[in-house]
Amino acid sequence: MISIVIPVFNNGAAMVRECHAALGAALATLSEPAEIIFVDDGSRDDTLDALKAIQRADPRVRVLEFAANFGQHAAFSAGFDAVRGDVVVTMDVDL
């Protein structure tokens, strides 16, 4: 399994939906299963609501939620702790 870890912070609903759509298209070309872990680093805009909607619609998506902004390093660490895959890919939400 491939695990993709993506930290997000106040990126907005449009950006996370665009990222998810692009990843979904790319993952559809692979024969290996994958998971996408978005780590919301305390967003105060509509980012988290969009991520939760994406998670409900796509079983490959998991959302980790921080109560406050702890920074990208902490977000990656939490994502790494949560991965199930043998291969871990990191990326930014803006692709």
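A residue is called buried when its relative accessible area is under 20%, exposed when over 50%, and partly exposed in between, using a 1.4 Å probe and protein chains only; by this definition Asp58, with a relative accessible area of 6%, is buried. This is a predicted model, in which local features need pLDDT of at least 70 and side-chain atom pairs count only at pLDDT 80 or more, whereas totals for chains, interfaces and linings use all residues. Residues are numbered from 1 along each chain as its sequence is written, and side-chain values use heavy atoms, with hydrogens and water left out.

**Salt bridges**

- Taking a salt bridge as a side-chain nitrogen of Lys or Arg within 4 Å of a carboxyl oxygen of Asp or Glu, the count comes to three.
- Arg62 forms one of these with Glu35, the closest N and O atoms being 2.8 Å apart; since Arg62 lies in strand 3 (residues 61-65) and Glu35 in strand 2, the pair ties together parts that are 27 residues apart in sequence, where strands (E, at least two residues) and helices (H or I, at least four) are DSSP runs numbered from the N terminus.
- Both partners are buried, Arg62 at 17% relative accessibility and Glu35 at 3%.
- Glu65 and Lys52 meet in a salt bridge at 3.7 Å, N to O, and this pair links Glu65 in strand 3 with Lys52 in helix 2, 13 residues apart.
- Glu65 is partly exposed at 48%, and Lys52 is partly exposed at 32%.
- Asp58 is bridged to Arg60 at 2.8 Å, N to O, and Arg60 is partly exposed with a relative accessible area of 28%.

- Asp41, placed in the loop between strand 2 (34-40) and helix 2 (47-57), is buried yet has no salt bridge, the nearest side chain of opposite charge being Arg44 at 9.8 Å, where Lys and Arg count as positive, Asp and Glu as negative, and His and the chain ends are not counted.
- With contact meaning heavy atoms within 4.5 Å, and residues up to four places away in sequence not counted, the residues that Asp41 touches include Val8, Phe9, Phe66 and Phe70.

**Aromatic pairs**

- Rings of Phe, Tyr and Trp (its six-membered ring) pair if their centres lie within 6.5 Å, and planes under 30 degrees apart count as stacked, over 60 as edge-to-face and the rest as tilted; the count comes to two aromatic pairs.
- Phe66 and Phe70 are edge-to-face, at 5.6 Å centre to centre and 75 degrees between the planes, with Phe66 buried at 17% and Phe70 exposed at 56%.
- Phe76 and Phe80 are stacked because their ring centres are 5.8 Å apart and their planes at 20 degrees.
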